[in-house]
Amino acid sequence: MADSKHTAGQTRRTILGGAALLGTAAGAGLLPGLGRYAQAQTSAPIKIGFQVHRTGIGAAYGRWYDRTTKAAAKLINDNGGINGRPVEIIAEDDGTDPKRGAEVIEKFATKHECDVAFGTLFSHVVIGSAPRAGELKLPYFVVSEGHHVASGMLNRYTLQPGITDVKSQVQSMAPWVADNLGKKVTMVYPDFAFGHDHRDYFSEAIERQGGNVIAKIAIPPRETSFFKYLPKIPKDTEVLYHVMVGPGVLTFVKELGEYFGDNRPEIFGFIDSLEAVDIASPGLEFLEGSHFWEGYPRYAGENQSEHDKFYRAAVGVDDNGASLSDSKDISTYAHMFGCWETLHILKAGMEAADYKGPKDRQALIEAIENMDVFPESQAHPQGSKLFNGRTHQAFGHQHISKVEGGKLVPVHKTSIFDTYYEDEVDYTKMSF
Amino acid sequence: MDLIALLPFDLPHPALLAAGMLEGTVLAAVLALTALGLSIVFGIMRVVNVAHGEFYMLGAVLAWFVTHTVSGTVGGPPWLGFAIALIVAPLIVAAMAALTDWLVLKRLDYDPEATIVATIGVLYIIQQLALTFYGPDARPVEAPFDFRVQLPWFGYSGYKLVVVGAAIALMLVVWLVLTRTKIGLVMRATQYDRETAQAFGIPVDKVYAGVFALGAALAAIGAVLIVPIQQAHYLMGGDPLLLSFIVVILGGLGSLKGTLVAAIFIGLSDGIISTLYEPTLAKILATLLVAMVLVFRPQGLFGARAA
């Protein structure tokens with residue numbers, strides 16, 4: 001028994017060694033017969049490592065990022081793939097955990113031999129994973145909203161072309177909030193990088209409008225009970241600005257309702273506080289008349305574009321933003337379009353760079369850095385965007401919706417220029 | 001008025017204090033139930049059940065399944081599903097705990113160290129089972145009734161106040177069972193001296209299985225009560241486990257009175273410190289207190305010194 005095992009091991013080693021030799025020889029063009037095989041390999045799939053929050057506090061986002069990614073990959077493959085090669089999505093759960101995130105990146109690069117990595121949302125996972133992607137020289141396309149890409153905190157291999165960042169979102173909200181709701185703002189936000197972006201950039205932006213933030217209430221990301229934070233909201237608050245993430249979001253908003261009753265200040269929330277949650281849930285009636293930022297309006301509405309119609313159907317979302325197969329399964333509509341758009345940008349980038357394999361990774365990044373406009377189209381259903389290759393960040397329209405009859409009705413759309421800010425980094429000057 | 005002005009610190013605003021006390025009371029009530037389960041199991045079986053928080057989580061998850069099924073099939077009102085969940089979920093959790101006792105703990109002969117490691121394993125098994133069959137989402141359970149109590153400064157959930165009442169009533173029942181019934185007598189006899197109890201014909205194995213089931217059921221009841229306030233999520237067992245351990249160590253492992261007093265103390269101080277200062281500070285102080293108690297009074301505030 002032991003002997004046969006030994007022999008098997010030896011045989012496998014011999015074969016592996018031989019294969020390696022053959023590979024080298026084929027690469028050097030010494031074996032014409034095998035060269036043909038190598039050419040046939042270019043029709044092998046382009047492997048995209050998809051880092052997904054399947055478990056942990058980001059699971060609801062992960063589920064919908066997954067569906068959107070599959071739908072986009074199917075569309076790309078149905079239309080002939082990338083450079084004639086099919087796209088293969090290799091999904092790995094990161095548990096919404098930064099340490100696990102970095103391990104997943106490592107797995108994409110070494111075990112799965114992916115061409116690029118893509119997909120992450122939660123900012124702490126992005127910040128935990130990006131350095132590893134940089135070390136492994138693996139292009140890493142995040143769909144995170146965090147300002148950490150454009151702030152210069154990350155590296156040349158990390159890009160965010162498919163979704164706008166918090167800094168541009170909040171600065172474009174501030175004028176409307178100051179003009180329509182009030183100037184004395186209390187902010188409630190999660191106590192990690194994403195929440196800190198909100199705190200810092202909204203505070204700056206509202207001050208430019210002559211307003212100010214009179215209280216900043218940070219909530220630990222794993223908190224499950226929120227009532228105890230609410231008495232810290234000052235009495236003279238005109239606008240309560242809230243943004244919350246994680247499994248406790250519904251509890252948070254419900255407790256806000258219990259706390260204020262009918263006597264509430266103006267409420268301006270980021271839809272993150274209610275992503276994947278039905279606005280018509282019991283206990284949320286008090287939100288009637290309040291406002292939300294939406295990256296992409298959840299309800300189809302009257303002015304639905306043909307591209308939105310196509311995108312909704314492809315991903316399997318109904319006119320209320322819920323799954324076509326289960327009306328109680330609410331999507332993360334304001335964020336997940338980023339996966340769809342990022343994959344299309346990846347396709348355009350790979351085709352522009354004539355991408356053949358990992359040796360063309362730098363050319364791919366340079367090709368995307370050279371892009372500047374993504375017009376509204378099937379590939380960009382959320383709307384037109386500008387891309388800043390120096391900061392690796394996209395800029396786009398933002399929406400404000402009002403809760404009316406238990407639905408979100410868009411009332412304001414910003415211009416792209418409202419969201420623009422000066423460069424804080426030039427990644428193109430960094431070496432690969 | 002002048003006297004207050006002379007104080008070297010600002011008095012907290014009454015709204016903050018009221019919110020802290022209310023939240024603290026709700027936490028104390030649920031914590032008392034959950035920690036009582038942990039305490040009974042340790043007191044009688046000398047087993048430190050690290051999987052206790054997962055039985056709590058299981059209670060919440062089962063409550064979601066039951067209420068979801070009732071509203072989905074029968075279409076009954078929220079209170080009906082909730083009432084059924086309040087009975088069914090703890091029973092299923094109790095059955096699972098009894099199974100764990102028979103399958104794992106009994107085979108380890110209730111060795112204190114081995115059972116700690118084994119229940120860590122049980123913790124992960126239950127958590128992963130919940131992840132597999134229930135999924136990673138936080139799902140809401142509708143409260144059986146909902147009314148809002150308006151206080152001078154803010155409103156408060158009426159359901160939360162009812163939870164406090166229900167928890168007190170349940171603890172009274174547990175206390176009556178332990179002190180006034182034959183079952184309680186048998187349990188106490190087993191706690192006092194396992195071998196003598198066996199010699200007197202008490203089926204110690206069955207008592208152990210029953211105690212372990214009761215401990216888990218108490219955690220599950222606490223979870224069913226809390227799930228309309230929070231939401232059922234597969235990772236929700238961590239906090240109750242930590243807080244239950246804090247309470248049980250402070251009160252003295254196995255002392256029911258100590259558990260109760262410590263739960264009220266920890267609940268209220270957590271609520272008040274979190275509201276007036278920082279939630280993290282509340283956790284730091286509670287954990288520091290545990291460390292101090294372990295150093296200076298290892299048997300806990302009410303525990304008897306080990307012989």
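**A strand and its neighbours**

Modeller: Start with strand S10 of chain A, residues 291–294. A:His291 and A:Trp293 point one way from S10(A). A:Phe292 and A:Glu294 point the other way. All four are buried. In a regular strand the side chains alternate between the two faces of the sheet. Keep in mind that this is a predicted model.

What does S10(A) pair with? Take strand S9 of chain A, residues 266–270, to begin with. S9(A) and S10(A) run parallel, joined by 3 bridges. Here A:Phe270 stands opposite A:Trp293. Then take strand S14 of chain A, residues 399–404. S14(A) runs antiparallel to S10(A), and 4 bridges join them. A:His291 has A:Lys402 as its bridge partner in S14(A). A:Trp293 stands opposite A:Ile400 in S14(A). Strands of a sheet pair through backbone hydrogen bonds, either parallel or antiparallel.

Follow S14(A) onward. It pairs with strand S15 of chain A, residues 407–413, in the antiparallel sense. This pairing has 6 bridges. S14(A) and S15(A) form a hairpin with 2 residues between the strands. In that hairpin, A:Gly405 takes a positive phi near 60 degrees.

Chain A also holds an open sheet of 3 strands, in the order S11-S12-S13. Its pairing is antiparallel. Strand S11 (373–374) and strand S13 (393–396) are the edge strands, and each pairs on one side only. S11(A) is joined to strand S12, residues 385–388, by 2 bridges. A:Phe374 stands opposite A:Lys385 in S12(A).

Now a loop of chain A. A:Ala353 sits between helix H10 (333–352) and helix H11 (361–369). Look at A:Ala367 in particular. A:Ala353 and A:Ala367 are 14 residues apart in sequence. In space they are 5.8 Å apart, C-alpha to C-alpha.

Next, where the chains meet. The contact takes 22 residues from chain A and 29 residues from chain B. On the side of chain B that touches chain A, at least two residues come from each of H2, strand S1 (148–150), strand S2 (155–157), helix H11 (256–276) and helix H12 (279–296) of chain B. H2(B) supplies the largest share of that side, 5 residues. By type, the residues on this side of chain B divide into 12 nonpolar, 11 polar and 6 charged.

What is chain B built from? Chain B has 12 helices and 2 strands. Read along the sequence, its pattern is α-α-α-α-α-β-β-α-α-α-α-α-α-α. The C-alpha trace of chain B spans about 70 × 55 × 35 Å along its principal axes. Chain B has a radius of gyration of 20 Å. That agrees with a compact globule of 307 residues, which would have a radius near 19 Å. Of the 307 residues of chain B, 47% count as buried. Take the contacts in chain B with a separation of 6 or more: residues 24 or more positions apart account for 77% of them.

The largest nonpolar core has 210 residues. B:Ala60, B:Ala63, B:Val93, B:Phe212 and B:Ala220 touch the most other members. Helix H2 of chain B, residues 14–45, gives the most to this core, with 18 residues. Not counting residues up to four places away in sequence, B:Ala63 touches B:Ala85, B:Ala89, B:Val141, B:Ala223, B:Val224, B:Val227 and B:Ala232. In soluble globular proteins, nonpolar side chains tend to be buried together.

Last, the confidence scores. The mean pLDDT of chain B is 89. In chain B, 95% of the residues reach 70 or more. The model scores ipTM 0.82 and pTM 0.83. Where pLDDT is low, the predicted coordinates should not be read in detail.

Technical notes
Residues numbered from 1 in each chain as written. Chains lettered and ligands numbered in written order. Predicted model: local features only at pLDDT ≥ 70, side-chain atom pairs only at ≥ 80, totals over all residues. Core = buried A, V, L, I, M, F, W, Y, C linked by C-beta atoms within 7 Å. Buried ≥ 20, exposed ≤ 12 C-beta atoms within 10 Å, placed from the backbone. Contact = placed C-beta atoms within 7 Å. Pairing = 2+ DSSP bridges. Nonpolar A, V, L, I, M, F, W, Y, C, P; charged D, E, K, R; others polar. Rg over C-alpha atoms; globule rule 2.2 N^0.38 Å. pLDDT = per-residue confidence, 0-100.
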